[in-house]
Amino acid sequence: MNIPSLAWAYLRRSALTTCLNVALLALGTGTIVVLILVGTQLQDRLAKDAAGVDLVVGAKGSPLQLILSALYQIDIPTGNIPLAQAQALAADPLVAQAIPLALGDSFRGFRIVGTDPAFVALRQASVAAGRLWQAPMEATVGWQVAQRAGLKVGDRFNGNHGLSAGGAEHEGMPYTVVGILAPTGGVIDRLVLTPIDSVWAVHDAHHHHHDGDDHDEHAHETEAAQPPDREVTSVLLRYRSPIAAARLPRRINAESGMQAAAPAVEMTRLLSLVGVGTDTVRGFGLLLVASSALSIFVALYNATQARRYDLAVMRALGATRTRIACLLLTEALAMGATGTALGLALGHGAVEMAGRLVPQARDMGITGLQFPATEPYLLILAAALSVLAALVPAIHAYRADVSAVLSRG
Amino acid sequence: MPLIDVTGLRHAIAGRPVLDIPHWSVESGRHCLLLGPSGSGKTTLIHALAGLKRPDQGRILLDGQAVWDLAAAGRDALRGRLIGIVFQTLHLVPALDVAQNLHLARWLAGLPRDTRAVAGALDRVGLGNRLGARPEQLSQGEKQRVAIARAVVTAPKLILADEPTSALDDENCARVLDLLLEQAEVCGATLLVATHDGRTRDRIADRLELPKLGAPARTTLGEGHAA
Ligand SMILES: Nc1ncnc2c1ncn2[C@@H]1O[C@H](COP(=O)(O)OP(=O)(O)O)[C@@H](O)[C@H]1O
Ligand SMILES: [Mg+2]
């Protein structure tokens, strides 16, 4: 006989209450674990896809929309900007690097992005097979594009008009896959990358096709080489010095027809909006944990009332007051630890399942096998709460007048 | 040295005197009846002896140790080591089976785990085959025997039995008393039986009589006592 086995005997005797408390605690901690896991991984993902970009310049409109479309490829662009102005930005002494992006078409729902090979370096991606694009109509595709579409180096495919699947196919202007990128877990995995010239060429052909014009090949080439009114969708900028942060956005927004948006600012704003939602769920999780602590308290308090005589008999058999208090604390801790452990397993399991089964979660590389540094605190919190719950009953039992309880028996 | 040595014990409850024992002692190995009508303070005295209820005045020596000079934990330890208690309501711990109830008593008395001692104690009260039974599965008589086994499994020097026979018919009264005496003999313990039950009078010669209303107690010693 020892305190754990005695505690176990009591917990087993009131199995239903014990299970309820453990389940309540498991649900609470599980909810919090899911939030922590998904939250941190989402934030990591967002930060990773914005890394190296200080400013995004595009057409006027919603700054958040500009950021979402240019960095995360999840919203439609605000419009296009003249190539000349984009090139002027690249030449600005405040700018260290400017990477243009031209959007417009897609392939099976994957966006075709016309850009410089510098974009690959910016995303810290590497080539898994083949090489980077060089000539127009060459394409290097992201890992998931290759996987889902079954593309290999040397394959050819036609783009579709528009950014979502279902647009009219651009026939007669096929892309050739020259390379496949290694997986990064980032947005680039889902992009088809090609020179900007390809986008322009397809765009022109599309227009000409619809206009019914009959340009010969030579004229087309000339037009592509010397664009009078070429456009890009956005430009990703990296500052040369911190001073640029103070001057450049204001100057662009005030003096040009373009819009400049800083990813850091917009994402903070977005997260504060989304944060309200996650805070609510997190609050709900905490509420579950708190109510399970309360439930443990009620269970133990009732137990000490129902067990008054038991505890008094143990005292009469020689148990010290400390031992009785320890017994109750052990019961609470056992419930607390089991509930929390179950909650951790539940939370990690649920996130891992989602990461495997839900396509969107899989795309983002969501995994349940990550163990955030905040988790030990969750354990400590749950342990502290269950001890707190046991404290009043334990003190009650500690102070009980054994003689009075036994005489009233 | 007497096992129990009480001097100048006085206790009042709610301003009403309950106990007045100028002097009372019980030699080691002898048994004693604690007689008195209901409300005469028998339970109060037993609790005072066991270190559960501090008396207003007086000194209680158990095996030479002044019970109420000890700190709380020391009293708990002394009680566990020296005393076995049989409650009138028996009160086995319902969450534990029969054997575990005895293991519990040994553990609380600070004794090592001893499956043979537990089995032996249950065997001696005729329950050698009910080790794994739950208290609620036992008859009243079986519970009584488990309670007695639990009191002696720690090999106490003093067995305190508070009204062990009051709720029993004549036959069972005699049987329980026999069992208590027999078990006390086995472990060489002193048996103190508190009762208002006249049927026990002829079984134990030494007695302390507690009159009603806190009048001084009277001691009677039976045969064989070294005067
Ligand atoms: N907790 C208590 N509160 C008030 N009176 C009590 C309490 N315990 C005992 N008494 C009183 O003290 C007296 C002695 O009680 P007790 O020792 O239980 O007597 P006995 O065991 O001989 O029946 C009785 O009159 C009883 O009513
Ligand atoms: Mg009584």
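**Surface of chain A.** I looked up the accessible area first, in what is a predicted model. Chain A exposes about 19000 Å² (Shrake-Rupley method, 1.4 Å probe; for residues, only the protein chains shown count as cover). Carbon and sulfur atoms supply 62% of that area. I then checked burial: 47% of the 409 residues of chain A count as buried. Buried means under 20% relative accessible area, exposed over 50%, and partly exposed in between (1.4 Å probe, protein chains only).

**Ground rules.** I number residues from 1 along each chain as its sequence is written, and letter chains from A and number ligands from 1 in the order in which they are written. Local features need pLDDT of at least 70, side-chain atom pairs count only at pLDDT 80 or more, totals for chains, interfaces and linings use all residues, and side-chain values use heavy atoms, with hydrogens and water left out.

**Overall form of chain A.** Along its principal axes, the C-alpha trace spans about 110 × 45 × 30 Å. I found 15 helices and 13 strands in chain A. These are DSSP runs, numbered from the N terminus (helices: H or I, at least four residues; strands: E, at least two).

**Annotated spans.** I looked up UniProt, where an unreviewed entry places "transmembrane region" at residues 15–38, 284–303, 324–346 and 377–398 of chain A. Positions follow the numbering used here, feature names are shortened, and annotations may be inferred rather than shown by experiment. I checked two of these spans. Residues 15–38 of chain A are 100% helix, with end C-alpha atoms 34 Å apart. Residues 324–346 of chain A are also 100% helix, and their end C-alpha atoms lie 33 Å apart.

**Helix α1 of chain B.** Why is this helix largely enclosed by the rest of the structure? Seven of its eight residues (42–49) are buried, so the rest of the structure largely encloses it. I listed some of the buried ones, including L45(B), I46(B) and H47(B). Just after α1(B), G51(B) takes a positive phi of about 75°.

M137(A) is not a glycine, yet has a positive phi of about 70°. I found M137(A) in the loop between β5 and β6 of chain A. M137(A) counts as buried, at 16% relative accessibility. A155(B) is not a glycine either, and its phi is positive at about 50°. I placed A155(B) in the loop between α5 and β7 of chain B. A155(B) is exposed, with a relative accessible area of 51%.
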